[in-house]
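Subject: Structure handover

Hello,

Please find the structure below, with the sequence alongside. My notes on it follow, beginning with a question to settle as you look.

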Amino acid sequence: MSTKTKPPAKLGGLRFKNAVTPWLFILPGLVFTFIFRYYTTFQAFWISLHDYDVAEPPGDFIGFENYIALFKNADFWSAWKNTLIFTVLSLLITFFIPIIQALFLNEVRRGRGMFTTLYLIPTMIPLSINVIIWKWIFNPNYGLANAIVTFFGGEPQTWYSDPTLTKLCIILPGILGGGFSVLMYLSAIMGVDRDIYEAADIDGCYGFKRLWYITLPNIRFLIMIQMILAVIGAMQILDQPLQYTTGGPNGASTSIALHINNLMVENVNYGKAAASGVILLVVIAIITAVEMKLDKSEKK
Amino acid sequence: MKRIKSRKKFRAVGSSRPLTIVSYVFTIGSILLILFPLFLMGSYAVRDAAAINKFPPDILPECTKSVEIVLDYSDLDTGENLEDIMRADGIFAMYALSTEFNDNAVGEIKVYGQVDCKTVFYQRQHNTALQVQLDYGAYRNVSKFDRETLVNSQRYEQALEVTEYEFDLNGIDRKPKADNKDLDGLISPMTAHLTDESNGFYLDGAISNISLHKNPLLMVETFKYYFDIVKYMYPNEANIQKYSLFAFLFNTLIVMGWAVLTQIGLCSITAYSLSRLFSRRMSKILMMFFLITMMIPFMCIVLPQMIMMKGIDSLNNYRAMLLPYLYPSAFYIFLFKGFFDQLPQDLLDAARIDGASQFYTFTRICMPLSKSITALLVLNVLVSAWNDFYWYLRAANRTTLWTINLALYNISNNPMSKTNVTMGIAFLTILPVILLTIVFQRQIKESVISAGIKG
């Protein structure tokens with residue numbers, strides 16, 4: 001209404017304003033996203049094509065030689081193998097725990113608020129603090145883990161210094177569960193329609209049966225999303241191996257992200273570091289695309 | 001029919017008694033498991049450095065003891081020098097006992113000086129305070145703790161500076177218990193150690209009494225010294241000297257505050273324009289532009305980002321820590337947009353017709369309606385900034401810039417730090433956070449639940 005009564009000379013200005021405002025709103029976000037993600041990704045690709053020289057960036061152009069050299073490198077492949085094992089382990093050990101915790105937490109009536117808060121504690125503990133305590137629990141000489149193992153008649157282990165056990169020990173602290181995901185699942189479970197429960201109850205589906213046949217299928221969407229995020233997160237696992245073992249013993253716990261870090265910091269080979277970063281990007285993009293496809297076809 | 005009715009009385013819809021029992025047991029069990037490592041950390045923190053190295057390890061620490069030594073100077077006629085002699089005796093007795101009995105859970109050592117059954121001198125130190133001096137302070141790098149090294153050197157002056165005592169020839173208002181109470185048969189080895197003259201251990205006063213008492217409160221007092229220990233670890237950093245652990249907390253708070261400001265501000269305004277201002281087609285294209293960035297692993301861009309930061313002289317300073325937060329997380333934009341889409345358009349239109357600008361509508365109408373999602377995302381941003389690690393390690397790894405996470409990583413990797421000390425510092429930093437979580441539990445829970453993420 002108001003625009004119609006205005007004189008035509010001003011109408012043009014208003015139309016211009018209406019067209020520009022959305023862009024003004026989104027501009028900072030667009031610009032910073034471009035600078036901090038798109039430009040840097042392009043830079044990473046550009047650096048990966050060079051024998052990078054810190055003194056005279058970007059150095060000699062060598063095409064895809066960095067990539068070829070990486071594919072011939074045994075450390076690179078063992079880092080990928082470790083990453084794969086990390087991903088499988090963290091899906092097996094840590095992914096389902098918060099779902100189970102949320103399922104049972106939803107059945108708890110008294111003191112649910114307090115339990116919910118206590119479940120948040122693992123999120124509040126920085127990794128470095130976790131590392132301090134778990135490294136001591138897995139200490140080969142004085143740790144609790146060996147005390148338990150010897151109590152049951154086993155042989156004492158060296159845990160983080162054992163190439164076969166080290167990956168398991170890095171993932172294992174996550175078995176305690178908790179964290180934000182419990183709250184996420186809980187709120188999804190609480191959002192399930194009560195009518196469905198009542199209908200199922202009349203049909204004799206209650207208790208554990210109801211958890212399995214009604215509640216779980218109803219939060220499948222969130223589980224799927226969390227699984228995608230968990231896989232993407234596990235592929236990039238960096239802080240845990242870096243802090244627990246710095247990739248040792250002998251590279252047995254070096255994930256691909258840590259391998260990139262080593263190329264960058266220890267070898268100061270920026271070209272190769274950027275190249276493996278780009279490879280990681282491509283792999284994650286493929287995994288995401290496949291997972292989304294699977295998710296879509298399942299919905300149909 | 002009757003049977004079903006009576007059964008329904010006892011259970012909520014869809015529930016059953018075994019399920020309820022299992023739920024309680026499982027939930028309480030999980031919580032206890034989550035708390036157990038923290039408890040273990042606290043338990044290790046209050047032990048002696050030597051007591052930690054025990055196998056199999058004890059879950060509970062040994063109760064700390066208070067050692068009381070009464071020295072008698074009645075036979076000594078030195079007059080004015082009495083104060084110096086007593087001070088030296090006190091320092092020697094405390095450090096000699098602390099080094100020799102370092103796995104007997106000695107919590108504190110009190111030294112009383114008496115003349116004719118009148119207390120004229122009193123000195124008291126917590127064992128952890130003594131250990132700090134032995135590891136980082138006055139008696140750093142000393143291996144032999146006889147009277148000569150402890151008292152007749154420059155280090156002695158340094159030790160005196162941090163030791164408080166009371167002295168008055170007319171008597172002071174302190175009375176030793178002196179009840180000869182013994183724990184673990186420690187009195188005779190302690191007496192023997194302090195008077196072992198063949199190895200250079202002697203006291204000027206005569207030991208008239210040593211007694212030991214249990215005092216669990218001394219374990220709590222330990223943390224007071226853990227708080228100050230950082231000052232000794234980094235003696236050249238002015239702000240750590242002044243604020244100790246709070247220096248790291250300050251850095252963490254700056255980062256957290258900035259992260260909330262930029263992330264919530266940028267993400268919400270971006271999501272608002274995507275949700276309300278653009279045409280559906282344009283909005284979809286732009287959303288893809290943001291969502292694609294979720295796939296880019298941080299390791300891929302960390303190197304170019306570092307080179308970029310170096311280019312604008314922003315490495316190893318606060319800019320390096322703060323600038324990357326300007327990138328609005330696509331995930332938050334996605335969540336904000338999902339919430340804004342559900343807001344009634346009529347409300348926003350009404351404001352527009354009344355002549356409100358788009359910005360006014362956004363800040364005054366849209367955001368107040370989105371308190372729950374904002375609270376959830378604020379919580380999320382705070383936690384992720386609190387846990388952020390790798391970027392700071394590479395781009396801002398300086399003692400003055402350390403966040404708590406980075407500080408603890410560096411302290412625990414420092415070969416100088418003892419395990420009980422690192423655990424003590426870690427416990428000190430995590431305890432307030434857990435308390436805060438419990439204090440704000442209602443707000444936290446409500447923000448997550450009411451944000452309504454549906455399956």
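Which residue in β3(B) does B:Gly113 stand opposite? The residue is B:Phe121. Before going further, please keep in mind that this is a predicted model.

The strands around that pair

Strands β2 (residues 106-115) and β3 (residues 118-126) of chain B run antiparallel and are joined by eight bridges. Another pair across these two strands is B:Val115, which stands opposite B:Lys118 in β3(B). The hairpin of β2(B) and β3(B) has two residues between the strands, and B:Asp116 takes a positive phi near 50° there. Most residues other than glycine have a negative phi, and most peptide bonds are trans.

On to the next strand: β3(B) also pairs with β4(B), again in the antiparallel sense, over three bridges. Here B:Tyr122 stands opposite B:Glu166 in β4(B).

These strands belong to an open sheet of five strands in chain B, in the order β4-β3-β2-β1-β5 and with mixed pairing. Its edge strands are β4 (165-167) and β5 (206-214) of chain B, each of which pairs on one side only. From one strand to the next, the twist averages 15°.

Helices

Helix α5(B) lies across β2 and β3 of chain B and runs at about 65° to β3(B). Helix α5 (residues 127-135) of chain B also packs with helix α9 (residues 217-233) of chain B, at an angle of about 15° and with the axes 9 Å apart. Angles under 35 degrees count as roughly parallel, and α5(B) and α9(B) are therefore roughly parallel to each other. Their crossing is right-handed.

The contact is made by B:Thr128, B:Ala129 and B:Val132 from α5(B), which meet B:Thr222, B:Tyr225, B:Ile229 and B:Tyr232 from α9(B). By class, the residues of this contact are five nonpolar, two polar and no charged.

Two loops in chain B

Two further backbone details are in loops. B:Phe55 and B:Pro56 are joined by a cis peptide bond, with omega at about -5°. B:Pro56 is in the loop between α3 (49-52) and β1 (65-72) of chain B.

Domains

How is chain B divided? The assignment gives domain 1 (2-45), domain 2 (65-229) and domain 3 (239-450). Taken over C-alpha atoms, the centres of domain 1 of chain B and domain 2 of chain B are 52 Å apart.

Chain A is divided into domain 1 (2-48) and domain 2 (65-299). Their centres, also taken over C-alpha atoms, are separated by 39 Å. How many residues of domain 1 of chain A are in contact with domain 2 of chain A? Four are, and they contact seven residues of domain 2 of chain A. The side of domain 1 of chain A that touches domain 2 of chain A has three nonpolar, one polar and no charged residues.

Where the chains meet

Between the two chains, 84 residues of chain A are in contact with 82 residues of chain B. On the side of chain B that touches chain A, at least two residues each come from α2 (17-45), α11 (245-277), α12 (280-291), α13 (298-311), α18 (371-387), α20 (404-413), α21 (419-439) and α22 (441-450) of chain B. Which helix gives the most to this side? It is α2(B), with 16 residues. Sorted by class, the side of chain B that touches chain A has 56 nonpolar, 22 polar and four charged residues.

Regards

Notes
Residues are numbered from 1 along each chain as its sequence is written. Chains are lettered from A and ligands numbered from 1 in the order in which they are written. This is a predicted model: local features need pLDDT of at least 70, side-chain atom pairs count only at pLDDT 80 or more; totals for chains, interfaces and linings use all residues. Helices (H or I, at least four residues) and strands (E, at least two) are DSSP runs, numbered from the N terminus. Ala, Val, Leu, Ile, Met, Phe, Trp, Tyr, Cys and Pro count as nonpolar, Asp, Glu, Lys and Arg as charged, and the others, Gly among them, as polar. Domain bounds come from an automatic or database domain assignment. Axes are lines fitted to C-alpha atoms, for helices over the stretch in contact, and angles run from 0 to 180 degrees between N-to-C directions. Angles under 35 degrees count as roughly parallel, over 145 as roughly antiparallel, 65 to 115 as roughly perpendicular and the rest as oblique. A crossing is left-handed if the near helix is turned anticlockwise from the far one by less than a right angle, and right-handed if clockwise. Two strands pair if DSSP finds at least two bridges between them.
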